[in-house]
Amino acid sequence: MRDRPRSVMLFAAGFGTRMGTLTSDRPKSMIEVAGQPLIDHALSLVRAHGPERIVANIHYRPEALIRHLGESDVLLSHETPDILETGGGLRAALPLLGAGPVFTMNTDAVWRGANPLDQLAALWDPARMDALLLCIPPDHAIGHSGTGDFTIDADGRAQRGPGLVYSGLQILKTEGLHDIPETAFSLNLLWDRMLAENRLFAAGYTGEWCDVGHPEGIAQAEKMLGYRHV
């Protein structure tokens, strides 16, 4: 069934500037949390869900990810010479991802609880939705500061504003990417179009989530997971 997401895009191209010196010699997704790189935490959830294709984009310090993923089932989308941001990066990876809606997932977070991809897939309704974002209630968003990103109405439609925290995971129809003239752009541009058409939806995650986009998030994520260094 074409309307079921069968591919996952992992965003792993970024510079990780909030990590400071920790990303001086490696991409952020190769920083270890609880004994394994961040990207492996994401991949364990993705593989448990069982998509047909997994794609990761690479740009900053790509050699580490090429070595780590080179013999795996993950296809690599090389962003050269310039980084393309989330929207441009996703559009560039579409030949690898294939047709139909896709999951997109950031690789700088750790999850505890039900598989978030399973939760999103169960709620996906392509007749009503062009995107379905998984969001975190503030009291379950560990290591995150700020007032939140979205609110959700009684029908599940999303609106921008203080409330839930966007987790970095969504299901998205990709056709609208081809109408955006910029080469490098954020997926926010596509979301804005969906918002105007009442086609952007969101759901709350039932477990816990930790932002590991900053150094303090490493210890916070390990505490959430109950991990102890030996």
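Is cysteine 135 buried or exposed, and what is its relative accessible area? Please go on to the sheet around strand 8.

Analyst: Cysteine 135 is buried, with a relative accessible area of 0%. Buried means under 20%, exposed over 50%, partly exposed in between (1.4 Å probe, protein chains only). The model is predicted, so local features need pLDDT of at least 70 and side-chain atom pairs 80 or more, while totals for chains, interfaces and linings use all residues. Residues are numbered from 1 along each chain as its sequence is written, and side-chain values use heavy atoms, without hydrogens or water.

A disulfide needs two cysteine sulfurs within 2.5 Å. Cysteine 210 is buried too, at 0% relative accessible area. A search of the whole structure finds zero disulfides.

Now the sheet. Strand 8 covers residues 131-136. Strands here are DSSP runs (E, at least two residues) and helices are runs of H or I, at least four residues, all numbered from the N terminus. Strand 8 runs antiparallel to strand 12 (residues 165-172), and six bridges join them. Two strands pair if DSSP finds at least two bridges between them. Alanine 131 has leucine 172 of strand 12 as its bridge partner.

Leucine 172 also stands opposite valine 102. Strand 6 (residues 102-106) is mostly covered, with four of its five residues buried. Strand 1 (residues 7-11) runs parallel to strand 6, with five bridges between them. Valine 8 faces phenylalanine 103 there.

Seven strands make up an open sheet with mixed pairing, in the order 5-4-1-6-12-8-13. Strand 5 (74-78) and strand 13 (200-204) are the edges; each has a single partner strand, so one side of each lacks a neighbour in the sheet. Neighbouring strands are turned by 25° against each other on average, direction ignored.

Helix 3 (residues 85-97) packs on this sheet. The helix touches strand 1, strand 4 (53-58), strand 5, strand 6 and strand 12. Contact means heavy atoms within 4.5 Å. The direction of helix 3 makes about 140° with that of strand 1. Axes are lines fitted to C-alpha atoms, for helices over the stretch in contact, and angles between N-to-C directions run from 0 to 180 degrees.
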